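Me: I am new to protein models. Could you show me how to read one, feature by feature?

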Amino acid sequence: MSAFHLSDPHKDFTHPESQELLRGIIAKQGVGLTGYELACVFYGHLPAGTAAECCAYLRPLYQLFRNPQEEYAAQIWEDILWIWLVQERPALESLNQHQRIIDELRRIVHDTLLPAPWQHELGAGGIYARAAMLSSWMASPWGEAETEDILNTLVSSGTAQQFILLRIFLDIKNPIGVAAPKETFAAFAARFDTHFRESSALYDAALALSDLPLPANDSSGSTFHLKETLEECSWHL
């Protein structure tokens, strides 16, 4: 049997078109997979394979996470943190993979999500995706203990980190679409608020970014969305 096999244990790929999609994913043997295809492999409560089968797709999954501006990266990140690692924990632990996966996600946080450079060409998409992924990580059981260090890093770093910090702040104020359980996210929001209660860091970041020359708007609306972030922050700060 191929190392890249997907047995559809939840019988979610029963329609002819979805069966063809699954065969196409398997045929790629882990090479050149799109974000949508990886979203199918690790889909919510109905992954396309057993824990062992899905583990074969971890390398391309990590590659996707290291390009968070790519479509589906943030969505799959949340599915992994809040569903797959929880639902498949016994099986992943028996494979000696559970802690390894958490350790690799932590590396991605620190070598990709936190040191994000300011890249005009990525517009607002990369900023928003990194903010969502960092929020999920800090709210999760796997990243909760790192909240203080991550927030301090965002405060003390560059332009991209300041925008990420403000997007996290806005997500806390308006947590629509947050994948984390309400109680868990509320606990993270409380830690966030406590961290900044006696600090002007959020206000200072918004003030500094308001004077930042933004690139000309493009088809993605990047400048509009970044300006919108600053405007929304002005309502809360």
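**Reading the model step by step**

Reply: The classes are buried (under 20% relative accessible area), exposed (over 50%) and partly exposed (in between), with a 1.4 Å probe and protein chains only. Keep in mind that this is a predicted model: local features need pLDDT of at least 70, side-chain atom pairs count only at pLDDT 80 or more, and totals for chains, interfaces and linings use all residues. Residues are numbered from 1 along each chain as its sequence is written, and side-chain values use heavy atoms, with hydrogens and water left out.

Me: Where is the place of Q29?

Reply: Q29 sits in the loop between α1 and α2, the latter covering residues 35-41. Its backbone stands out too. Most residues other than glycine have a negative phi. Q29 is not glycine, yet its phi is positive, near 50°.

Me: What is phi of N96 near?

Reply: Phi of N96 is near 60°, again a positive value in a residue other than glycine. N96 belongs to the loop between α6 (89-94) and α7. With 53% relative accessibility, N96 counts as exposed.

Me: Now the whole fold. How many helices and strands are there in the protein chain?

Reply: Count the DSSP runs: a helix is H or I over at least four residues, a strand is E over at least two, and numbering starts at the N terminus. The protein chain has 13 helices and zero strands. The radius of gyration of the chain is 19 Å, close to the 18 Å that the globule rule gives for 237 residues, so the chain is as compact as a globular protein of that length. That radius is taken over C-alpha atoms, and the rule is 2.2 Å times the number of residues to the power 0.38. Along its principal axes, the C-alpha trace spans about 60 × 40 × 30 Å.

Me: How many of the 237 residues count as buried?

Reply: In the protein chain, 47% of the 237 residues are buried. Six of its eight residues are buried, so α4 is mostly covered. The buried ones in α4 are L58, P60, L61, Y62, L64 and F65.

Me: What about contacts along the chain?

Reply: A contact means heavy atoms within 4.5 Å. Take contacts in the protein chain between residues at least 6 apart in sequence: 70% of them join residues at least 24 apart. Loops take part as well. E146 lies in the loop between α8 (123-139) and α9 (147-156). E146 is buried, with a relative accessible area of 14%. Not counting residues up to four places away in sequence, E146 touches R106, H110 and W137.

Me: How do I read the charges?

Reply: Side chains of opposite charge can pair when their charged atoms come close. A salt bridge puts a side-chain nitrogen of Lys or Arg within 4 Å of a carboxyl oxygen of Asp or Glu. By this rule the model has nine salt bridges. One of them joins E20 and R23, with the closest N and O atoms 2.8 Å apart. The two are about one helical turn apart, because they are three residues apart in helix α1 (residues 16-27). E20 is partly exposed at 46% relative accessible area, and R23 is partly exposed at 47%.

Me: Which residue does R107 form a salt bridge with?

Reply: R107 pairs with E104, and their closest N and O atoms are 2.8 Å apart. Both lie in helix α7, three residues apart, so about one helical turn separates them. R107 is partly exposed, at 44%. E104 also meets R66 in a salt bridge of 2.8 Å, N to O. This second pair links distant parts of the chain, 38 residues apart: E104 in α7 (residues 98-113), R66 in the loop between α4 (58-65) and α5 (73-87). E104 is buried, with a relative accessible area of 14%, whereas R66 is partly exposed at 29%.

Me: Which residues are linked in a network of salt bridges?

Reply: R66, E104, R107 and D111 form that network. Find these four in the structure, then trace the links.
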